[in-house]
Protein chains: 2
Amino acid sequence: MSLTVQKFGGTSVADADRIKEVADHIARSSQKEQVVAVVSAMGKTTDNLIRLAQDVSGIHPGRELDMLLTAGERISMALLCMALADLGIKSASFTGSQAGIITDTTHTKAKILEIKPDRLKAALKEGIIPVVAGFQGVSTGNDVTTLGRGGSDTTAVALAAALNADRCEIYTDVPGVFSADPRVVPEAKKLKHVSFEEMLEIAATGGKVLALRSVEFARNHNVVLEVRSSFTWEPGTLVNEENDNMEQPIVSAVTSDVSSAKLTITGVPDQPGIAASLFRGLADRAINVDMIVQNTSQDGTTDISFTVPKTDVGMAVEIAGQIAPMIGAENVSIDENVAQVSLIGAGMKTNPGVTATMFEELAKLGVNIEMISTSPIRISCMIRKDNTEMAVKALHQAFSLEQ
Amino acid sequence: MSLTVQKFGGTSVADADRIKEVADHIARSSQKEQVVAVVSAMGKTTDNLIRLAQDVSGIHPGRELDMLLTAGERISMALLCMALADLGIKSASFTGSQAGIITDTTHTKAKILEIKPDRLKAALKEGIIPVVAGFQGVSTGNDVTTLGRGGSDTTAVALAAALNADRCEIYTDVPGVFSADPRVVPEAKKLKHVSFEEMLEIAATGGKVLALRSVEFARNHNVVLEVRSSFTWEPGTLVNEENDNMEQPIVSAVTSDVSSAKLTITGVPDQPGIAASLFRGLADRAINVDMIVQNTSQDGTTDISFTVPKTDVGMAVEIAGQIAPMIGAENVSIDENVAQVSLIGAGMKTNPGVTATMFEELAKLGVNIEMISTSPIRISCMIRKDNTEMAVKALHQAFSLEQ
């Protein structure tokens, strides 16, 4: 009998009716395969708990924030087990700790170190469906930890790897991975299949369906993923290893991301080692720099622009402001009205014309390209934020992604 | 430095403001003594979780109910630690499991088997205030358990015993233990001191301030209790060992209880062993029988009446109905319109006149006494439910308890 890990996100277990629907689905699945369920907190639970924390205090120690937020999955998983009991299905809920999800001690964004799924295996052997709390683990110091953004997906993928499951189904409120955000491009097409590499690029450039980290984990452990809807239950998007026998689409998807800001340092002496000292400073504070552009040198000085997540802007400006005078630079400026538009497709590797077409399309729209970054299967352009929707629509059409 | 366990009930941590007040109090206390805090779930949390469970399913396996309800204290204790952090006080929350509260495997009403407070001791040593989840533990089978009604009080008392604390303060929404329920008798007086024995009788006969079980635990381990208000923070009622040097009040309190029903089995053959088989049957199903009355035999048959908690009436009737034909009894009837009114006082031991005064007072009111039960420091009468308030008021006045 095959084994599937089914992960249900917050919208999939948002209220009593949705939990009952999920129980129905698990009950049906369990007739033809072994199932391990992983659940997030119900809909708005996490937001409500965070609001309570803000009402109570301006200081939220990571250990206590983790203790607080992990209450959410306890509630949803216990309720799901009750709904399964109502259908005559034997199940048992397991906290991260009970499921053997051992993490490091970094509260609010712990990394999984090891999984010891003995209790889950024992339950499966007895015909009991394990319902596991996503997002949480227990640290090597025996404290409750959470895995940070996308943590429940990571829990599901990591459990699928540890249990040697045949696949990991990620149930959410959309039917799969699309060629573009359907809210922006109504004719966007659901992709039947994307490779891990494509999915990584999609997740990294603004695709919200799967968190980057869970895709990385799935690729590293070769866990076949399927993204599906818990509202329609229709077949979704399969994410697995690239298959050389399949014809690769040149472009699979267009994504956009407005979560970064552009920092520019002007009047930087154009000497070796100057840029290194800046980016070392940022790296030391764990700030993720994405695109970098350095202007042509004029009068022995140059301008350096780079993007950082908006959430890190404050810290990045502080660091850049400290380093600028040390390296003799003039000024640090921030620009938050930027967006990144990306094309992703495994077929790009063998089709060099994509970049040219992309640039031509943006030029036709009168959209200026401020920065560029590429990977073997992705091209990203930084443009003005106001142009994002227009650019995404035009590129989707130019590459006929609706077909 | 002395060590105090401070327990805060649901109303004491009902919202953000109340949690901040509790943090303030702990901060002040911690300047003069070591403090371990024990918290219940916030106000209505438990009720809301139970409602969710009812929405989701008609079946609530104990293991899952415990998993669900223990989310409540996680929330309140994490929030309290955040509020303490805001005041610059170092604290850390501990689940039942982390606090070393080991229970048996009886879900929803587990018994504490052992306490291993190593982590709490380590925290205290480091100057960190432990904030412990009340009501919950971990079973010998490594599952999450709850301690049932009054569980948080039991947690606090058990921790006070295990940590050899100097006292255990129970903070609630009333200023202490009163000579009667102040909602019924406005002139009721707050008692400065009651003995464990009196407190046990008060708790057993309808006094809601402390759960019977936690008082038993306190007596057995000689943990000095103080019941106090988290709204006024004024000195409350001290509960400890009887002190022979103190003058014992003849009557300390009047209590009433409408939570029992009266079952009557008529036409029972008046032979040895008949009553035993009935009460053995009830005991086997863990039904707590309180008062028992057997009428004078007529024609070789008798009527047996006894009280059981209203929550167990269904099961008690079922058992009585099964046993009645086996013992040749005629009929089983239920009467839910009954109430028990009790007088409690350590001085009763040496003052035999109390019973007479009580009966006279009830007679003056025209209140019929249907059943009687006594202990060395208590007299309880079963009367019609409608007469409860009138009887409590008259008895309170007759014994001058307002003075």
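Strand β9 (residues 167-172) of chain A and strand β11 (residues 225-229) of chain A run parallel and are joined by five bridges. Strands here are DSSP E runs of at least two residues, helices are H or I runs of at least four, and both are numbered from the N terminus; two strands count as paired if DSSP finds at least two bridges between them. Within this pairing, A:T172 stands opposite A:S229 of β11(A). On to strand β12 (residues 237-240) of chain A, β11(A) forms three bridges, here in the antiparallel sense, and A:E226 has A:L238 in β12(A) as its bridge partner. Strands of a sheet pair through backbone hydrogen bonds, either parallel or antiparallel.

The model is predicted: local features need pLDDT of at least 70, side-chain atom pairs count only at pLDDT 80 or more, and totals for chains, interfaces and linings use all residues. Residues are numbered from 1 along each chain as its sequence is written, while chains are lettered from A and ligands numbered from 1 in the order in which they are written.

In chain B, helix α8 (residues 212-220) has B:R213, B:S214, B:V215, B:F217 and B:A218 as its buried residues. A residue is called buried if 20 or more other C-beta atoms lie within 10 Å of its own, exposed if 12 or fewer do, and partly exposed in between, with C-beta atoms placed from the backbone. The cover over these buried residues of α8(B) includes α6 (151-162), β9 (167-172), α7 (196-204), β11 (225-229) and β12 (237-240) of chain B. After α8(B) comes B:N222, which has a positive phi near 50°.

Chain B also holds an open sheet of four strands in the order β13-β18-β20-β19, with antiparallel pairing. From one strand to the next the twist averages 20°. β19(B) and strand β20 (residues 378-384) of chain B are antiparallel and share five bridges; B:T374 has B:I379 in β20(B) as its bridge partner. Two helices pack on this sheet. Helix α11 (residues 354-364) of chain B touches β18 (338-344) and β20 of chain B, and its direction makes about 15° with that of β20(B). Helix α12 (residues 388-398) of chain B touches β13, β18 and β20 of chain B, and its direction makes about 15° with that of β18(B). For such angles, axes are lines fitted to C-alpha atoms, for helices over the stretch in contact, and values run from 0 to 180 degrees between N-to-C directions.

In chain A, strand β19 (residues 371-375) contains A:S373. Because 17 other C-beta atoms lie within 10 Å, A:S373 is partly exposed. Neighbours within four places in sequence aside, A:S373 is in contact with A:D290, A:M291 and A:S380, where contact requires C-beta atoms, placed from the backbone, within 7 Å. The C-alpha atoms of A:S373 and A:Q340 are 9.7 Å apart, and 33 residues separate the two in sequence.

Another open sheet of chain B has four antiparallel strands in the order β15-β16-β14-β17. β15 (292-294) and β17 (331-335) of chain B are the edge strands, each pairing on one side only. Three bridges join β15(B) to strand β16 (residues 301-309) of chain B in the antiparallel sense, and B:V293 has B:S305 in β16(B) as its bridge partner.

The two chains remain to be related.

Between the chains, 32 residues of chain B are in contact with 32 residues of chain A. On the side of chain B that touches chain A, α4(B) gives the most, with ten residues. B:L79 touches A:L52, A:A53, A:V56, A:L68 and B:I19, not counting residues up to four places away in sequence.
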